[in-house]
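Morning, everyone. Please have the sequence and the structure open while I talk.

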Amino acid sequence: MFINKRIKDLTYFAKINSSQYKLAKPFSHIIFNNFFNDDFLSSVLDEFPIFEDSDNKQKIYNLNENKIISKGEKSFKKNTKLFFHYLNSEPFLNFLQILTSIQETLIPDPYFSGGGFHESKKNGFLNIHADFNKHYLTNLDRRLNMLIYLNKKWSEDYGGNLELWDKNMEYCGVKVVPIFNRIVIFSTTSKSYHGNPVPVNCPD
């Protein structure tokens, strides 16, 4: 239902990609295209909240970032809730655990602290940074990030590329164009520097 049918066995798919994840530079990460079912992911896009009409949002605007994020799951509609709950389920956590070779048991975040919907409109950006290591509410270590892009008909001229930088912040090792049904999974450490620092230049 959620995963692209070409991925017949999620466990096997994780195993054959685990080395690529571990050896990736500038830090452990992997990029998959068309990982999820296109039709279902389109239904999630159809449910993307209009933040101007929502109280369940946090608008962040300062020298380091300009974006809007959802708060909790109050803005999740039917298919979105099904999808996000699947991403927090045992089968998907097992997939992530095998893919990343993390030995400790992965625990999902039911509070969606920093998770959920993120929107960068025209002139939106997020400077290069390393994420916070401790969950605000549980005080557990944050181990992984997964970004799922929902941008259809996205032109590279619009910018918004995810950049992955080396541990000394000397160079950008990877740039990822944020096109629909592309996902990026990467380790969350104090040196996994990332962001989309070039302001988005898409139509209004």
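Two bridges, 2 by count, join β5 to strand β10, residues 193–196, and these strands run antiparallel. Find H129: its bridge partner in β10 is H194. Keep in mind that this is a predicted model.

Stay with β5, residues 125–129. This strand also pairs with strand β3, residues 65–70, in the antiparallel sense, over 2 bridges. Here N66 stands opposite F125 in β5.

Now move from β3 to strand β2, residues 57–61. What joins β2 to β3? There are 5 bridges, and the two strands run antiparallel. Look at Y61: its bridge partner in β3 is N66. β2 and β3 form a hairpin, with 3 residues between them.

Next, the open sheet. In which order do its 3 strands come? The order is β1-β9-β6, and the pairing is antiparallel. β1, residues 29–33, and β6, residues 144–148, stand at the edges. Each has a single partner strand, so one side of each is left without a neighbour in the sheet. From one strand to the next, the twist averages 10 degrees.

Zoom in on β1 and strand β9, residues 182–187. They pair in the antiparallel sense over 5 bridges. I30 stands opposite I185 in β9. Helix α1, residues 10–23, packs on this sheet. The helix touches β1, β6 and β9, and its direction makes about 130 degrees with that of β1.

On to the helices. Two packed helices are described by the angle between their axes and the distance between the axes. Take α1 with helix α4, residues 90–100. Their axes come within 7 Å and cross at roughly 30 degrees. Angles under 35 degrees count as roughly parallel, and α1 and α4 are therefore roughly parallel to each other. α1 passes α4 in a right-handed crossing.

Which residues meet there? From α1 come L10, T11, F13, A14, K15, N17, S18 and Y21. From α4 come P91, F92, F95, I98, L99 and T100. By class, this contact of α1 with α4 has 9 nonpolar, 4 polar and 1 charged residues.

Helix α2, residues 38–46, packs against helix α3, residues 78–87, at an angle of about 120 degrees. Their axes are 8 Å apart. That angle makes α2 oblique to α3. The crossing of α2 and α3 is left-handed. In α2, the contact is made by F40, L41, S43 and V44. In α3, N79, T80, L82 and F83 take part. The residues of this α2 and α3 contact divide into 5 nonpolar, 3 polar and no charged.

Finally, zoom out. How many helices and strands does the protein chain have? The secondary structure comes to 4 helices and 10 strands. Along the sequence, the pattern reads α-β-α-β-β-α-α-β-β-β-β-β-β-β. The radius of gyration is 16 Å, close to the 17 Å that the globule rule gives for 204 residues, so the chain is as compact as a globular protein of that length. Taken along the principal axes, the C-alpha atoms fill a box of roughly 45 × 40 × 35 Å.

Terms used: Residues numbered from 1 in each chain as written. Predicted model: local features only at pLDDT ≥ 70, side-chain atom pairs only at ≥ 80, totals over all residues. Heavy atoms only, no water. Axes fitted to C-alpha atoms, helices over the stretch in contact; angles between N-to-C directions. Parallel < 35°, antiparallel > 145°, perpendicular 65-115°, else oblique. Left-handed = near helix turned anticlockwise from the far one by under 90°. Contact = heavy atoms within 4.5 Å. Nonpolar A, V, L, I, M, F, W, Y, C, P; charged D, E, K, R; others polar. Pairing = 2+ DSSP bridges. Rg over C-alpha atoms; globule rule 2.2 N^0.38 Å.
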